[in-house]
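Here is a short report on how one set of chains is put together. Start with the structure itself, then read on.

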Number of protein chains: 4
Amino acid sequence: MKARNPHFADEVRRLYDSAPFIGAIGLCLVDLAPGSCETLIRLERRHLQQDGFVHAGVQATMADHSAGTAAASLIGAGELVLTAEFKINFLEAAQGEELRCRARVLKPGSRLIVAESEVFCLGGGARRFTAKAMVTLAVVSKGRGGGGAQAAPSP
Amino acid sequence: MKARNPHFADEVRRLYDSAPFIGAIGLCLVDLAPGSCETLIRLERRHLQQDGFVHAGVQATMADHSAGTAAASLIGAGELVLTAEFKINFLEAAQGEELRCRARVLKPGSRLIVAESEVFCLGGGARRFTAKAMVTLAVVSKGRGGGGAQAAPSP
Amino acid sequence: MKARNPHFADEVRRLYDSAPFIGAIGLCLVDLAPGSCETLIRLERRHLQQDGFVHAGVQATMADHSAGTAAASLIGAGELVLTAEFKINFLEAAQGEELRCRARVLKPGSRLIVAESEVFCLGGGARRFTAKAMVTLAVVSKGRGGGGAQAAPSP
Amino acid sequence: MKARNPHFADEVRRLYDSAPFIGAIGLCLVDLAPGSCETLIRLERRHLQQDGFVHAGVQATMADHSAGTAAASLIGAGELVLTAEFKINFLEAAQGEELRCRARVLKPGSRLIVAESEVFCLGGGARRFTAKAMVTLAVVSKGRGGGGAQAAPSP
């Protein structure tokens, strides 16, 4: 796929450097190309649910944000992406040392971008396919929703 | 709906006291009945994405875990629930002081429980409907997936 | 909710009178208000799958088209709705004499409308809740995608 | 993937020969292997919605049934599959002569099978990617839900 904004890597960097929740969850970008990316989380105790597995919300956040990254690599300079909706299937309970996610755009629309994300859990020398998501992102212009007095933008 | 386990509140408490990611995200249970619950997150900077809105992953985690809580209130004593899949729509970008989520079971199956969650964002005296999820949970027996040497259970 | 187009019932009628697949499946509109509707299918052998239950595709078509109807009641005069995506949960296998669906808009956005549909199966004097869907519809202007030589519009 | 039932092609044939709605919609199986399949619909006027595009319900039925076919190729001799839920994204409005769908199993669980389906529309010498679905199927034993007096099985 082809990037419309030659500085797309800057917009993508903003999704990692300026998103507090992404810092809190420890999500790192490890690879980026127009329309696709790879991300990583080194698993710690704080990522787990009550039975010792990675919380579904961690994998969902990773799948969503990685899809948003892949989408953000394709938008214009004055635009941003907001998740309109996503669906995620958990294929088996995840336990291990690291999560890896590959996201890619299926449809680079001008108003809606559809992407999919696959999450793998690495541990004990094995790599398990633990989750897959489909994500719909709305492309909105940066002016919308800027000031505190304005209504929040809709996806 | 009717709880099968008279001590269901203990199983539910475990979902909050023993889930590190839930503590990290600040999700609190504020109301519980068989088949439904209400939860709360007091919003801080760490919950935000790059444009100052609540991260989709925070709302997704809240919707998923609240649906899991509503489902866990209906299972038998030797069982636990794992999220098989969920889908969430974001209705508008969330900004405010507090998230509230109401989850309720639509179908209390013996193997699959289907629940839905509605997320509201409170701030500036207003209450906005910001996200809605449908969640499918698998009911599995507690024996499965216990030890580290066992294969991870599938939802 | 409030209709923007005073002649919204005409646009909605078009969804039933000019959609061959809706005639083929026997889907009828029985109630309409701005932002919501009720529809009906009288079940026949042709609606079934291999085990004698209503085919998932019949309930999915009904849930999708009814959500589209509820959305179409809210759009402007020069606009139409296209399904961007939907998700449907089947709560139990459906068998009976009639399907009824109630759809309502959750979020009447100017570019995206989110609606939900609940499907019930009536038979033997009982009414069972058999499926629930969440549907995202894109609002597009009627000019797009009109002629055969044009590219098909994206949701 | 490996079939557990050496006669899996017989069970799959039943999904086409004994499902009236599949005959009505004109869905044909053109390729089958354990865990995957390809299907086809020759498009006619009856498949369309009000604007001349293929109805979302046609593509949804095709995606669901093809995923069910891929799943049915992996189950045991006394089992059947029921769709528990699915989600489908429509990537662009479909117009053409033929729909083709490729489905494949992502996770062949003993109780839940997760599959995905990709739908393409062929026409005017081109092949367009028009829809993608993720489908969760419940594996149930054939005894359940057999007689008319029994309760309908849950997915």
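Begin inside chain A. Leaving aside neighbours within four places in sequence, A:Leu137 is in contact with A:Ala67, A:Gly68, A:Ala71, A:Val81, A:Leu82, A:Thr83, A:Ala84, A:Leu112, A:Ile113 and A:Ala115. Note that this is a predicted model.

**The core**

Which residues touch the most other members of the largest nonpolar core? They are A:Leu137, B:Leu137, C:Leu137 and D:Leu137. That core holds 208 residues.

Helix H3 of chain A covers residues 56-72. Is H3(A) buried or exposed? 17 of its 17 residues are buried, so H3(A) is largely enclosed by the rest of the structure. The cut-off behind "buried" is 20 or more other C-beta atoms within 10 Å of the residue's own. The length of H3(A) also checks out. At 1.5 Å a residue, its 17 residues should span 24 Å. The end C-alpha atoms of H3(A) are 24 Å apart, which agrees.

**Chain C against chain D**

Now turn to the contact between chains C and D. Here 41 residues of chain C are in contact with 42 residues of chain D. On the chain C side, the elements that give two or more residues are helix H1 (8-17), helix H2 (20-25), helix H3 (56-72) and strand S3 (79-90). S3(C) supplies the largest share, 10 residues. By type, the chain C side divides into 20 nonpolar, 13 polar and 8 charged residues.

S3(C) also pairs across the boundary. It is joined to strand S3 of chain D (residues 79-90) by 5 bridges, and the two strands run antiparallel. Within this pairing, C:Phe86 stands opposite D:Ile88 in S3(D).

**Chain D against chain B**

Chain D also touches chain B. In this interface, 10 residues of chain D are in contact with 10 residues of chain B. Two elements of chain D give two or more residues to its side, S3 and strand S6 (126-141). S3(D) gives the most, with 3 residues. The chain D side divides into 4 nonpolar, 3 polar and 3 charged residues.

What of the surface used? 100% of the interface residues of chain D are also interface residues in chain B, so the copies meet through the same surface.

**Strand pairing within chains C and D**

| Strand | Partner strand | Bridges | Facing residues |
|---|---|---|---|
| S4(C), residues 98-108 | S5(C), residues 112-123 | 10 bridges | C:Pro108 and C:Ile113 |
| S5(C) | S6(C), residues 126-141 | 12 bridges | C:Phe120 and C:Phe129 |
| S2(D), residues 36-42 | S4(D), residues 98-108 | 7 bridges | D:Cys37 and D:Ala103 |
| S4(D) | S5(D), residues 112-123 | 10 bridges | D:Lys107 and D:Val114 |

In chain C, S4(C) and S5(C) form one with 3 residues between them. S5(C) and S6(C) form another, with 2 residues between the strands. In that hairpin, C:Gly124 takes a positive phi near 60°. In chain D, S4(D) and S5(D) form a hairpin with 3 residues between them.

**Reading it together**

S3(C) gives the largest share of the chain C side that touches chain D, and S3(D) gives the most to the chain D side that touches chain B. From there, go back to A:Leu137, whose contacts include A:Val81 and A:Leu82.

Technical notes:
Residues are numbered from 1 along each chain as its sequence is written. Chains are lettered from A and ligands numbered from 1 in the order in which they are written. This is a predicted model: local features need pLDDT of at least 70, side-chain atom pairs count only at pLDDT 80 or more; totals for chains, interfaces and linings use all residues. Two residues are in contact if their C-beta atoms, placed from the backbone, lie within 7 Å. Helices (H or I, at least four residues) and strands (E, at least two) are DSSP runs, numbered from the N terminus. Ala, Val, Leu, Ile, Met, Phe, Trp, Tyr, Cys and Pro count as nonpolar, Asp, Glu, Lys and Arg as charged, and the others, Gly among them, as polar. Two strands pair if DSSP finds at least two bridges between them. The expected span of a helix is 1.5 Å times one less than its number of residues. A residue is buried if 20 or more other C-beta atoms lie within 10 Å of its own, exposed if 12 or fewer, and partly exposed in between; C-beta atoms are placed from the backbone. A nonpolar core is a set of buried Ala, Val, Leu, Ile, Met, Phe, Trp, Tyr and Cys residues joined through C-beta atoms within 7 Å.
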